[in-house]
Amino acid sequence: MDFTRFMNKFNEIERQLSPTSALRLSFDNISPETEEPPDGNKRLWGVPVPPFVSDKVVSWIEEEFNEAPVYYNGNSVLKKVENVRMIDRYNTKNPTVGTLYLTATHLIFVEPDSNKETWILHMHVASIEKLPLSTTGSPLLIRCKTYLSVTFVIPKDSECHDVYTSLLKLFQPVSINKLYCFNYQPNKDDFPKNTGWEYFKLEAEFKHMLVPNEAWTLCSMNEKYELCDTYPRQIYVPKEATTLMLISSSRFRSKGRLPALTYLHNNKASICRCSQPLSGFSARCLEDEQMLEAIRKTNSNTDYMYVVDTRPRINAMANRAAGKGYENEAFYENIKFHFLGIENIHVQRASLQKVLEACEQKSPTMSAFLNALESSGWLKHIRSILDTSSFIANAVDKGVSVVVHCSDGWDRTAQVCSLAQLMLNPYYRTIKGFQALIEKDWLAFGHKFSERCGHIQTDAREVSPIFTQFLDCTWQLMQQHSESFEFNERFLLILHDHVHSCQFGTFVGNCEKDRLDLKLAERTFSLWGFMANHLNEYINPLYKPNVDEAIKANLAPQCIKFWRGMYSRFESGIHPREPLGDLLLDSKEHCNSLEDHVQHLTKRIASFKSYISKSAKKLQDATSTTAKVSKEVSSNEINDNKYNYDKKLSELSAADDDHPLKASNMSFANLSLTAEQSSQPQALPEEINSVAVDWKPMRNVTTCSCSTPFDQFSKKTHCWRCGDIFCERCIDKNVALPGHDSGKPVPVCRGCFRQMQKQSP
């Protein structure tokens with residue numbers, strides 16, 4: 001029904017029912033803030049209806065104009081467009097045709113023929129571009145923060161415009177309270193809301209480093225964020241530092257970020273972090289100089305320490321004109337100052353953009369791709385970060401303390417401090433340790449995640465791939481020292497994606513104070529709680545604990561690699577069919593399952609063997625006793641069989657319960673029925689059949705049982721009970737198998753889970 005017909009019908013009903021003034025004018029004045037009508041029930045589209053509007057009018061409007069809601073996989077659909085073509089740049093001649101669903105949180109493209117689904121989270125969208133109209137429709141180019149680039153050709157320009165304008169409003173909220181994490185609700189059985197928020201405490205991480213001690217102490221001056229609002233409440237400083245030194249040093253440093261301890265090595269050498277001093281061309285602060293001297297004195301190994309400025313020298317000198325700058329070695333005693341040349345956030349942002357352009361070339365040749373990658377300078381930046389981190393790690397390993405800063409101390413400083421610790425301490429190369437490192441050096445010390453990742457509408461110049469570079473450098477170290485890391489590449493990719501997704505509250509906000517003000521621990525779920533349910537997916541099968549106490553980065557140009565798994569993750573035809581790490585992990589899990597099953601069966605066999613031995617001895621004793629009694633009867637009793645039988649039967653009935661001939665378990669048929677066994681005999685087949693001995697090979701599987709096709713970035717997971725392969729959505733249960741000795745929960749498919757639920761008492 002068109003609008004003209006609607007208004008004509010509306011006015012007709014109005015004239016029939018009410019002689020009052022124009023209903024439409026009265027209705028327009030009603031807003032959701034208007035008080036409820038007297039009956040409290042009459043509402044239309046969530047808006048209170050005036051009392052003079054009859055129920056007949058309201059019912060008619062609802063029937064004529066309220067369409068039935070559309071849902072897809074439990075998601076309410078805002079817009080559904082059919083016959084949409086999705087263009088893959090590697091296969092432009094044969095685009096995929098399907099249906100596009102726009103929901104409040106996702107853009108979903110469904111291919112009806114292959115049943116393949118492409119889900120794009122709105123928060124992952126980096127940019128949307130409406131391309132010029134073509135003969136086949138209106139193209140919409142979407143680039144994502146996960147480096148997925150996809151073009152949808154929508155048949156009608158009006159529908160394309162609707163999707164385009166809707167996405168513009170949805171992908172980057174104006175307010176931080178509109179982020180996805182505040183509305184996200186996982187399945188009820190996944191994990192409670194508070195899971196993960198209590199996994200890491202800053203005090204516990206420093207206790208792991210034996211701090212506080214005789215040289216370092218906890219400073220209570222920042223409990224209310226009065227000393228520095230972008231630092232954590234608990235900061236650790238030298239014991240010699242006085243209140244005046246701390247306050248003056250904070251005022252002399254950019255953003256109040258005074259020198260504070262972030263890592264103490266086992267040889268007393270430390271890494272402290274801060275921001276640049278407000279020195280200008282000649283200003284100085286005696287208390288700040290005393291603060292650095294107090295840090296040097298905490299380490300008795302040497303009579304000097306390094307001060308590392310991660311910026312290029314020319315950048316630091318330019319900042320002096322703005323009243324900032326760097327430490328003057330003439331004023332600061334016993335320090336050795338070093339510039340180490342990592343470019344600023346603007347250079348890094350432009351560099352990543354050139355990398356993506358290199359990856360999106362339509363017909364890339366070898367020379368074109370390599371030239372584009374070289375001109376981006378991305379690998380040079382990665383090497384520069386690793387070089388600076390290596391310098392810090394080598395100094396600390398030799399017993400020399402280091403103070404690190406950049407401009408404000410929350411970008412380059414976070415990168416190199418965390419990477420240096422990753423090189424020095426094997427604890428940070430575990431899953432738990434790496435998460436703790438992120439909590440400490442990135443979240444607690446105030447890396448501006450919401451600004452750098454563009455969570456909300458903000459200054460585009462503040463967006464920069466700082467955390468992505470940290471993950472890239474970690475991946476470089478993993479390639480060079482594959483046995484030293486407990487986690488695999490998928491772990492890093494999950495971290496990267498969820499830093500941008502805002503599905504969890506862990507990375508929302510710019511500092512610890514922001515997260516407390518937003519009450520994220522109460523209002524949102526934690527990423528660490530989610531990852532705790534999927535740890536088996538992140539295990540590196542080559543990991544050897546304590547294989548290296550400290551590792552070093554190989555900075556040779558040939559050893560710095562392009563991370564194809566990150567920046568070209570969604571490109572078809574350039575990845576192996578099954579990643580080597582997945583194959584190794586799958587083999588390891590299969591072996592673990594079989595070893596656990598063998599251990600269980602060995603114990604069962606030993607238990608049966610022990611019981612049979614005891615039962616056989618009892619049976620032998622009973623047989624010898626019977627023979628002895630029979631012999632005595634034959635020699636002493638009268639030869640009357642009926643009389644003798646009745647007499648012995650009465651004696652047996654009056655005997656003690658432990659009489660060997662009276663026992664009911666003296667037959668071989670009943671040997672397994674004993675209290676010594678932990679389970680009934682009929683449970684044994686269930687235990688044997690509960691563990692899959694043969695697992696289906698990965699190579700021959702192209703689709704899941706739910707018809708979801710497997711591609712290069714979807715993980716194939718075995719059910720430990722039936723041995724079949726499923727996608728991550730179909731194998732979301734973990735239970736303990738009766739045939740495993742350890743009793744640890746393992747992945748099972750939904751079908752096996754339902755069978756086990758039926759079999760359980």
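Colleague: Leaving aside its neighbours within four places in sequence, which residues is arginine 452 in contact with?

Modeller: In this predicted model, arginine 452 is in contact with Ile345, Trp410, Asp411, His447, Glu462, Val463, Ser464 and Ile466, once neighbours within four places in sequence are left aside. Arginine 452 itself is found in helix α14, which covers residues 449-452.

Colleague: Is arginine 452 buried or exposed?

Modeller: One reads this from the relative accessible area, and a residue counts as buried when that value is under 20%. Arginine 452 has a relative accessible area of 5%, so it is buried.

Colleague: Which side chains make polar contacts with the side chain of arginine 452?

Modeller: A polar contact is a pair of N or O atoms within 3.5 Å. Another, of 2.8 Å, joins the side chains of arginine 452 and glutamate 462.

Colleague: Where does isoleucine 466 lie, and how far is it from aspartate 411 in sequence and in space?

Modeller: Isoleucine 466 lies in helix α15, residues 466-480. In sequence, isoleucine 466 and aspartate 411 are 55 residues apart; in space, their C-alpha atoms are 6.4 Å apart. Beyond its neighbours within four places in sequence, isoleucine 466 is in contact with Ile345, Asp411, Gln415, Trp442, His447 and Arg452. Its relative accessible area is 1%, so isoleucine 466 is buried.

Colleague: How many of the residues of α13 are buried?

Modeller: Twelve of the 14 are buried, so α13 is largely enclosed by the rest of the structure. Among them are Ile431, Phe434, Leu437, Lys440, Asp441 and Trp442.

Colleague: What is found at the start of α13 and just after α13?

Modeller: At the start of α13, a side-chain oxygen of threonine 430 comes to within 3.0 Å of the backbone nitrogen of glycine 433. Just after α13, glycine 446 has a positive phi of about 85°.

Colleague: Which residues other than glycine have a positive phi?

Modeller: Leucine 210 is one of them, with phi near 60°. Cysteine 502 also has a phi near 60°. Leucine 210 is in the loop between α5 and β11, and it is exposed, with a relative accessible area of 64%. Cysteine 502 is in the loop between α16 and α17, and at 1% relative accessibility it counts as buried.

Colleague: Which peptide bond is cis, with omega near 10°?

Modeller: The bond from valine 211 to proline 212 is cis. Proline 212 lies in the loop between α5 and β11.

Colleague: At what angle do the axes of α10 and α11 cross?

Modeller: The axes of α10, residues 366-376, and α11, residues 378-397, cross at roughly 45° and come within 5 Å. The two helices are therefore oblique to each other. Leu373, Glu374 and Ser376 of α10 make the contact with Trp378, Leu379, Lys380 and His381 of α11. By class, three of these residues are nonpolar, two are polar and two are charged.

How values were computed: Residues are numbered from 1 along each chain as its sequence is written. This is a predicted model: local features need pLDDT of at least 70, side-chain atom pairs count only at pLDDT 80 or more; totals for chains, interfaces and linings use all residues. Side-chain values use heavy atoms; hydrogens and water are left out. Axes are lines fitted to C-alpha atoms, for helices over the stretch in contact, and angles run from 0 to 180 degrees between N-to-C directions. Helices (H or I, at least four residues) and strands (E, at least two) are DSSP runs, numbered from the N terminus. Angles under 35 degrees count as roughly parallel, over 145 as roughly antiparallel, 65 to 115 as roughly perpendicular and the rest as oblique. Contact means heavy atoms within 4.5 Å. Ala, Val, Leu, Ile, Met, Phe, Trp, Tyr, Cys and Pro count as nonpolar, Asp, Glu, Lys and Arg as charged, and the others, Gly among them, as polar. Buried means under 20% relative accessible area, exposed over 50%, partly exposed in between (1.4 Å probe, protein chains only). A polar contact is a pair of N or O atoms within 3.5 Å; within protein, one must be able to donate a hydrogen and the other to accept it, and residues adjacent in sequence count only if both atoms are side-chain atoms.
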